[in-house]
Amino acid sequence: MESTLKEIGDGGSVLDLDPKGTVGGGVEDIYGEDCATEEQLVTPWTFSVASGYSLLRDPHHNKGLAFTEKERDAHYLRGLLPPSIVTQQLQEKKLMQNIRQYQLPLQKFIAMMELQERNERLFYKLLIDNVEELLPVVYTPTVGEACQKYGSIFRRPQGLYISLKEKGKILEVLKNWPQRSIQVIVVTDGERILGLGDLGCQGMGIPVGKLSLYTALGGVRPSACLPITIDVGTNNEKLLNDEFYIGLKQRRATGEEYYELLHEFMTAVKQNYGEKVLIQFEDFANHNAFELLAKYRTTHLVFNDDIQGTASVVLAGAVSALKLIGGTLADHTFLFLGAGEAGTGIAELIALEISKQTNAPVEETRKKIWLVDSKGLIVHSRKDSLQHFKKPWAHEHEPVKDLLSAVKAIKPTVLIGSSGVGRTFTKEVIEAVSAINEKPLIMALSNPTSQSECTAEEAYTWSEGRAIFASGSPFDPFEYNGKTFVPGQSNNAYIFPGFGLGVVISGAIRVHDDMLLAASEALAAEVSDENYEKGLIYPPFTNIRKISANIAAKVAAKAYELGLATRLPRPADLVKYAESCMYSPIYRTYR
């Protein structure tokens, strides 16, 4: 081979090559890939040159048929594209037509993911301009099905996979990620994906989906976002026996082994990306979620969307609903079905807001809030057997075994479901809470749709059209007795993108509960009289970028007030500053 190369170097032509030195009469196999046996090692050579071919395959810069004549000349694109030149708007119109032709939500999800992998800006343009239509496609409820089938639909990796195999080398793994300026990390261990349980490594769909929303709804740059799945195994028998499962085929690591890996991860993130990277914990099981948040909230910039994000968006709904149901938060009695991360997180934030409004100690305001778990009403006589995060909610009361009995005993004005178990707000339960209240506030928060405690139709029908209803997953408008009800969606996507943007633009180094309260108040203030007339307690998603900018400004202002912000001097107009920092998906012109 050396002699052949020498001849070419001395002015010979490829056409003069000895046929024996080529494969099948083609160009010489210089690197030996074609003539190597399967056992031999080959070098995976790549070429980095200013050619259009690589540009067309770079999702960050690819514009498809939108490259101009000048760009096609400057970047060696001639002949690599059809001659037609189209606008981004026309590309968007064509893709939306294609997506709408798919019958199954999962097909639409796959189409959107494929678009993200080939043309990033067009993906976000589509998502921003058609947010109400595409949000259920790229996130809940469709993302739940996508995670369940992730091994089958897996095409190319997105984000970082850190498994037990990488123990002791996590910092090296983080350095493998091509982007250096990371501002937001969403990390899961896949143990409690939505209401679907342990999906192990296939939970990666959640961090990827969440970060898509950080960019589309909150304006955080895609290159500053990093999705991570920590794979410590799975206890899901179906996945362990699935030949297409993409994760570690072993039982979940627990205890010391688990926490050592997580501690190495948290330390490596801070070492590699600095103090001001926001780490969002996502879909960890209850026992780990509370432990991790408590352990790292004083040393890292951490946020648990299931505990804190859900709490913030539900509190916003409760505050805005007061215009429809009357009174102040302190005037109402809250009953929760579900006492896990979401339930206790929401309850605590409501108690903090009541405390802030009334100047009463939070220990006192908690008494307005009752929780029901799988064993019945959480009461003082059960305290010794309760998990630590449930103990603050163990009030003095006779034991009550089920939700219906709890409704009759406690007489709540607000009923909130965070159980992850579908159809638990039965006809009897909704009729009972409606008998107590003229306008009961019913929030069925569990995701996906199949796990919702009740449907919008059930809530409106069984309450005879009197319920103020919101759910975690979207439901279509419903007509009852000649009136059309538009169910609100208590979706965390209202809060976490704007919250994250506020943290980033202020350079905050810690998350404080008052920042969550500020986000809730900002969201509640966005609901208009027109929304209230339709029975909505959340604003429409069509204005979500404006809403996120306002939330970001309030969160940043609170960070400055608390002395947690490091980006100085403080901008004079935080709303305008937030808007100026938001990512735009409009195509750039290349030199």
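Trainee: What are the helix and strand percentages over residues 307–560?

Mentor: That span is 44% helix and 12% strand, with end C-alpha atoms 24 Å apart. Helices are DSSP runs of H or I with at least four residues, strands are E runs of at least two, and both are numbered from the N terminus. This is a predicted model, with local features needing pLDDT of at least 70 and side-chain atom pairs 80 or more, while totals for chains, interfaces and linings use all residues. Residues count from 1 along each chain as its sequence is written, and side-chain values use heavy atoms, leaving out hydrogens and water.

Trainee: What makes β7 and β8 a pair?

Mentor: Pairing takes at least two DSSP bridges, and β7 (residues 369–373) and β8 share two, so they qualify, in the antiparallel sense. D373 stands opposite G376 in β8.

Trainee: Which strands are the edges of the open sheet?

Mentor: The seven strands run β8-β7-β6-β9-β10-β11-β14, with mixed pairing. β8 (376–377) and β14 (488–489) are the edges, as each pairs on one side only.

Trainee: How do you know which strands helix α15 touches?

Mentor: Contact means heavy atoms within 4.5 Å. By that test, α15 (residues 305–325) touches β9 (414–417), β10 (441–444) and β11 (468–471). Its direction makes about 155° with that of β10; angles run from 0 to 180 degrees between N-to-C directions, using lines fitted to C-alpha atoms, for helices over the stretch in contact.

Trainee: Which strands does α18 lie across?

Mentor: Helix α18 (residues 403–410) lies across β6 (334–337), β7, β8 and β9, at about 175° to β6.
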